[in-house]
Amino acid sequence: MRRAAVLSMALLVASAGSTFANEPQDPVVALMAVADGIEGNSEASDYFGEVLLTSIYSASFAQVYRMAVLGDQLLDLQGEMTGQDEVVVSQDPCEMKELKIVPRPAKDKVTPVDVYFDVSSCWGNDPHLDQPSLTVHVVSENGRYVIDNFWNSDYDGGRLETSVKAKFAALAKRYVDDMLTSRFPPE
């Protein structure tokens, strides 16, 4: 019940965000509202449902994600890649605490937004709140701020190959490569 209420709230925030996303952190706030309501091992669709894909993410991110989902399905990976929790990155998270969303100065039309949170202290782990759990790149698209990419580890100044978007692109490419080399015949 709590999850449904939080998801409804996130969808409301996302739909309002598509109209009123005046600050770079607005789409990140909507994403984290979804993350805050997730209990246990979540499905990626909680973060990447069609309403959120069309409201808080860039068109580029949404397309890469959709291609990855198709590759995941056609390779019969059963959600191995697109079914993972790429935001909280925990199979059994604690209730989210100490959420802090901090935008940094924009550079080259990208605003990095650092997200700090604790989802591990209930298990006796140190949540390392001195380092962001996520770093999100936000861009302006069609007059609103949207998430174009994010990192749940190995940010290293925004190295593209360590990003979640790059992981999804690699999955889509894997499917296409398998088609080109006939390892995966079309149906």
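Biologist: Which residue of strand 4 stands opposite V136?

Modeller: In general, strands of a sheet pair through backbone hydrogen bonds, either parallel or antiparallel. Here V136 stands opposite F150 in strand 4, and the bridge partner of H137 in that strand is N149. Strands (E, at least two residues) and helices (H or I, at least four) are DSSP runs numbered from the N terminus, and two strands pair if DSSP finds at least two bridges between them. This is a predicted model, in which local features need pLDDT of at least 70 and side-chain atom pairs count only at pLDDT 80 or more, while totals for chains, interfaces and linings use all residues. Residues are numbered from 1 along each chain as its sequence is written, and side-chain values use heavy atoms, with hydrogens and water left out.

Biologist: How many bridges join strand 3 to strand 4?

Modeller: Strand 3 (residues 134-141) is joined to strand 4 by 7 bridges, and the two run antiparallel. Their hairpin has 2 residues between the strands, and N142 takes a positive phi near 55° there.

Biologist: In what order do the strands of the open sheet stand?

Modeller: The sheet has 4 strands in the order 1-2-3-4, with antiparallel pairing. Strand 1 (97-103) and strand 4 (144-151) are at the edges with a single partner strand each, so one side of each lacks a neighbour in the sheet. On average, neighbouring strands are turned by 25° against each other, direction ignored.

Biologist: Which helix packs on the sheet?

Modeller: Helix 5 (residues 59-74) does, touching strand 3 and strand 4, and its direction makes about 45° with that of strand 4. Contact means heavy atoms within 4.5 Å; axes are lines fitted to C-alpha atoms, for helices over the stretch in contact, and angles between N-to-C directions run from 0 to 180 degrees.

Biologist: Which residues of helix 5 are buried?

Modeller: As a general idea, an α-helix has 3.6 residues a turn, so residues three or four places apart point the same way. In helix 5, the buried residues include F61, Y65, A68 and D72. Buried means under 20% relative accessible area, exposed over 50%, partly exposed in between (1.4 Å probe, protein chains only). Strand 4 is mostly covered, with 6 of its 8 residues buried.

Biologist: What is the pLDDT of the protein on average?

Modeller: The pLDDT, the predictor's confidence in each residue from 0 to 100, averages 80, and 76% of the residues score at least 70. Over residues 1-7 the pLDDT is below 50.
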